[in-house]
Amino acid sequence: MPTPHEIVARLTLEEKASLLSGQDFWHTQAIEGVAESVMLTDGPHGLRKQGGAGDHLGIGDSRPATCFPPAVALAASFDVDLVHEVGARIAAEARAEDVAVVLGPGINLKRSPLCGRNFEYFSEDPWLSGAMGRAWVEGVQSGGVGASLKHFAVNNQETDRLRVSADVDERPLRELYLRAFEHVVTHAAPWTVMCSYNRINGVHASQNHWLLSTVLREEWGYRGLVVSDWGAVKDRIAALRAGLDLEMPGNGGVTDAELVAAVAAGRLDEAELDRAAARVVELVRRVPRPGTETRSLSEIHAENHAAAREIAARCVVLLRNEPVDDTPLLPLAPDQRVALIGEFARSPRYQGAGSSRINPTRLEDALSELSALHADVGFAGDDLTEAVALARDADVAVVFLGLPAEAESEGFDRTTLALPADQIALLEAVLAVQPRTVVVFSGGGVVTLPFASRVPAIVGGFLLGQASGGALADVLTGRVNPSGRLAETMPLRLTDTPAYLDFPGERGHIRYSEGVFVGYRWYDARELDVAFPFGHGLSYTTFDHDDLLVSGDPNGFTVKVLVTNTGTRSGRDVVQVYVGKPGSQLARAPRELAGVAIVDLEPGESTVAEVRIPTSALAAWFTGRGWAVEDGEYHVAVGSSSRDLYGHTHVSIAGDDLREPLHLESTIAEVLADPVAGPLVAAGLADAAGSDGADDVEGVGQMMLSFPIGRVVKMAGGGVSLDDIQALLDAANAERR
Ligand code: BGC
């Protein structure tokens with residue numbers, strides 16, 4: 001079989017160029033006998049396949065597909081196997097619908113809780129985003145369907161998203177914003193990577209050679225295809241040169257003609273065009289023949305709906321469950337009269353708006369699903385008087401609150417973290433007559449919960465997909481013991497959040513002034529109180545943790561902890577390992593998530609949870625040098641959230657030699673720290689101080705520490721020559737090698 005390059009070599013310039021943009025909104029261009037047209041479509045929490053004319057705004061109709069929980073909820077499972085399963089199930093629908101590439105996952109970091117598209121992203125933490133993204137890609141691609149890792153990169157807001165420049169320093173860029181992408185690219189090899197709309201430090205992602213070629217291909221070894229976000233290409237020739245292969249959607253051949261003209265005029269090297277065309281041919285060749293899925297679509301839909309309910313229930317986060325009269329309010333007791341209050345109980349919020357909007361095959365609401373499981377359920381929507389009367393007569397009120405659909409979407413950001421005032425008023429009225437009140441929150445982004453300390457139980461439902469109602473009913477009744485964990489911090493105030501002072505930017509620029517302190521890294525470093533910390537989530541059972549053990553080896557270390565289910569129900573614990581580097585050369589957060597273990601335990605059962613952390617996970621970005629692991633002691637904390645840490649220990653890591661070679665611009669302090677040059681220079685300084693007769697030798701010494709040694713020698717004028725010092729430094733450097 002000819003290679004893609006050999007195939008491309010036989011094409012005319014015009015044919016090659018035609019492969020480099022879409023045939024229409026969702027398909028690649030076909031060339032008879034060479035490349036079929038294949039379909040790329042959204043994604044990510046289901047399939048959004050449109051017939052007829054397309055749109056990427058979520059406006060037009062699409063074929064029914066299973067709407068799984070969007071990333072905001074899926075990440076709360078912390079469960080890579082579950083996410084892999086979702087990917088594989090989406091792939092089955094894609095195969096049955098002849099879709100070649102599903103446009104997801106979105107793994108951008110949640111820099112600000114205001115980002116309108118946070119519901120489509122996993123986390124504020126790059127380790128978790130990377131793990132989730134990798135599982136999703138591997139799941140989809142295990143089904144012979146391609147993924148499109150997006151939005152590459154630093155697309156953390158919707159405001160002015162097609163033009164804004166995300167101005168971010170090298171270290172946060174590498175350690176936070178690119179880290180999850182690097183993980184997914186190097187481990188899961190997505191068939192395609194989608195460049196983002198925005199600029200990065202002034203350069204559009206679609207035209208960013210450093211991003212698309214130097215980092216993605218040269219450093220990470222990416223071999224797949226780079227596709228533009230829909231409409232992200234401003235200058236087609238610059239984009240091709242930068243490493244962007246396929247422009248989407250199609251534009252009737254306008255930009256293909258630009259490429260042809262540029263080659264003809266000698267402004268573009270034809271080899272660059274050949275390379276991109278070969279990648280399109282290669283993509284098309286990976287796609288399985290139509291009809292490889294043998295089950296009917298309706299069979300797949302039925303299976304996927306049942307699975308969607310179980311998956312969604314795994315994503316529910318029990319935020320609070322305080323006892324009232326000695327008993328926690330949840331799960332609901334079978335004989336309780338339940339007042340279900342709030343329109344979201346009847347008309348669920350289950351996904352966000354925009355290009356990811358799925359047309360669900362079915363839709364479960366909590367009212368029907370809870371009524372099917374529980375004998376005595378009454379309902380009142382927003383009619384406040386009715387709701388209060390119902391709550392007063394019930395044993396327990398369950399109030400559904402959340403972000404209205406119009407509050408969050410692709411395309412714009414929120415301006416507040418507050419829930420609508422009428423919802424708060426409804427809750428307060430219910431609380432006044434019914435202290436046994438549970439709040440169920442739905443929404444794709446975090447909100448402030450000013451009532452949190454006065455409501456005994458709070459359930460974080462976020463957006464759970466089409467089986468949202470069933471999943472919530474399962475958790476409320478205890479059919480499922482909740483095990484979800486917050487993948488992002490719930491802050492107390494908008495003004496506490498890391499990007500508050502510069503979000504969403506000004507005059508076309510958004511400065512990432514918080515640096516590496518995003519999410520819990522920020523709240524922990526600043527010792528700010530939060531409503532609910534990253535990683536938090538309760539269970540209907542309880543766990544004990546003992547025998548914490550850390551063992552290091554040349555490639556990393558392993559953390560073990562004995563977990564016992566001490567309650568009366570089977571349940572799942574999510575053991576989280578955080579690592580910190582006390583005394584680091586860099587400004588670092590006190591702790592960063594480095595690994596998790598999930599354990600499922602019956603009552604009374606124990607098991608050893610084990611988390612493996614490779615040394616590479618400890619690498620930090622040293623500007624001017626690159627990735628390196630600092631030598632020495634690391635602090636290891638194990639816990640149930642970033643704040644609830646039940647075990648602390650240390651591990652010694654043999655890292656990289658971060659010492660710079662000594663030179664004449666090395667400071668006295670740096671030279672003194674060297675075992676060879678240090679003692680000689682110290683002796684020299686002591687002599688000099690003595691002969692000067694200075695009263696405050698220590699003070700003078702301290703002051704001199706920041707002076708480069710070459711300049712001190714020059715200022716001293718005579719005595720020791722620069723050549724002598726250079727020889728001393730050379731000897732010290734040689735000793736290090
Ligand atoms: C979105 C992408 C999406 C594409 C196609 C764009 O507006 O940013 O996430 O995949 O449209 O619908």
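What radius of gyration does the protein chain have, and what would a compact globule with 737 residues have? The model is predicted. Its protein chain has a radius of gyration of 29 Å. A compact globule of 737 residues would have one near 27 Å, so the two values agree. Along the principal axes, the C-alpha trace spans about 95 × 75 × 50 Å.

The protein chain contains 22 helices and 28 strands. Of its 737 residues, 59% count as buried. The accessible surface comes to about 28,300 Å². Carbon and sulfur atoms account for 51% of that surface. Contacts in the chain were also sorted by sequence separation. Among those between residues at least 6 apart in sequence, 76% join residues at least 24 apart.

One helix pair was examined in detail. Two packed helices are described by the angle between their axes and the distance between the axes. Helix H5 covers residues 126-142, and helix H7 covers residues 179-188. Their axes come within 8 Å. The axes cross at roughly 30°. The crossing of H5 past H7 is right-handed.

Residues from both helices form this contact. H5 contributes Pro-126, Ser-129, Gly-130, Ala-131, Gly-133, Arg-134, Val-137, Glu-138 and Gln-141. These meet Arg-179, Ala-180, His-183, Val-184, His-187 and Ala-188 of H7. By residue class, the contact of H5 with H7 divides into six nonpolar, six polar and three charged residues.

Conventions: Residues numbered from 1 in each chain as written. Predicted model: local features only at pLDDT ≥ 70, side-chain atom pairs only at ≥ 80, totals over all residues. Heavy atoms only, no water. Axes fitted to C-alpha atoms, helices over the stretch in contact; angles between N-to-C directions. Helix = DSSP H or I, 4+ residues; strand = E, 2+ residues; numbered from the N terminus. Left-handed = near helix turned anticlockwise from the far one by under 90°. Contact = heavy atoms within 4.5 Å. Nonpolar A, V, L, I, M, F, W, Y, C, P; charged D, E, K, R; others polar. Rg over C-alpha atoms; globule rule 2.2 N^0.38 Å. Buried < 20%, exposed > 50% of the residue type's maximum accessible area, 1.4 Å probe, protein only. Areas by Shrake-Rupley, 256 points an atom, 1.4 Å probe, with all protein chains shown as cover.
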